[in-house]
Amino acid sequence: VKSRWESVQNPEIMSLSADIPQGSAGKHSLLMTHIGGKSTGAHLYRRLQPGYEKLYVRFYVKFDPNCCPIHHFFHVGGYNPPTSWPQGGAGIRPSGDERFTTGVEPFGRKWRWDFYSYWMDMRSSPDNKSWGHDFINDPRLKVERGKWICVELMMKMNSPVTESNGQQAIWIDGKPWSREGQIVSHLGKGFPKGKWVWDSFNPDPEGVPFEGFKWRSTEELKLNFLWLLLYITKAPQGHVSRVWFDNIVVAKPC
């Protein structure tokens, strides 16, 4: 497994498991076992060369029912120049020519699916920093622990770079998420409608059309990395949290 990734953090908490999704072509999944007080988790990271304008990512994941809340999770994005390791930048708005990222996150103690995005036109929080933005904000889009879940992400770059016509979408178990008559898990220029509250976009059919994503200001910045991240920062001493991953696929449009 390690040979297929460029940056591997804390491999000692990784193992192969016979627990696999139904219909899997393989015999093993990847199990990450986090123990409270010993580390903040682990990651697998690699570049996607030479860089792409649009990508689809699919993976299967299973969270143990006793898993502690996860701070950050599965990220896709771009660095200019591309690096063989994941970069920092928490709380800092990208300039448009060096990076952008989107995470698919099992948010907080309520365990709901949402995005966690950094890009050049992001807003600020009440503390005047720019933390990752969320967009779906629906507690009904629950993360079901104890079962395998299929998660899919689509990201499309803005082109030309002067436009805000970038997009992103997620599907959970093959389905988009709708709320009050509009699909809210697919965002682009003009859709869905909603209202911003600081750094959170709240879908609302009575709101204004979403402005779209200006992911970049230069064509040199493209989709070029995949970062599988299990990051747990609040776990009781000795508490065991298990997360399984399988069938990670990255594809470009035909």
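Predicted model: local features only at pLDDT ≥ 70, side-chain atom pairs only at ≥ 80, totals over all residues.
Where is Asn 137 found? Asn 137 sits in the loop between β8 and β9. Check its backbone: phi is positive, about 50°, although Asn 137 is not a glycine. Asn 137 counts as buried, because its relative accessibility is 15% and the cut-off is under 20%.

Next, select Asp 173. Asp 173 lies in the loop between β10 and β11 (178-179). Asp 173 also has a positive phi, near 50°, and is a residue other than glycine. Its relative accessible area is 37%, so Asp 173 is partly exposed. Most residues other than glycine have a negative phi, and most peptide bonds are trans.

On to the cis bonds. Go to Ser 159 and Pro 160: the peptide bond from Ser 159 to Pro 160 is cis, with omega near 0°. Pro 160 belongs to the loop between β9 (148-156) and β10 (167-172). Then pick Phe 191 and Pro 192. A cis peptide bond links them, with omega about -10°. Look for Pro 192 in the loop between β13 (186-187) and β14 (193-197).

Finish at the sheet. Show β1, β4, β17, β6, β7 and β8: in that order, these six strands form an open sheet with antiparallel pairing.

Zoom in on β6 (residues 72-79) and β7 (residues 99-107). They pair in the antiparallel sense over six bridges. Select Phe 74, and opposite it in β7 stands Val 104.

Terms used. Residues numbered from 1 in each chain as written. Heavy atoms only, no water. Pairing = 2+ DSSP bridges. Helix = DSSP H or I, 4+ residues; strand = E, 2+ residues; numbered from the N terminus. Buried < 20%, exposed > 50% of the residue type's maximum accessible area, 1.4 Å probe, protein only.
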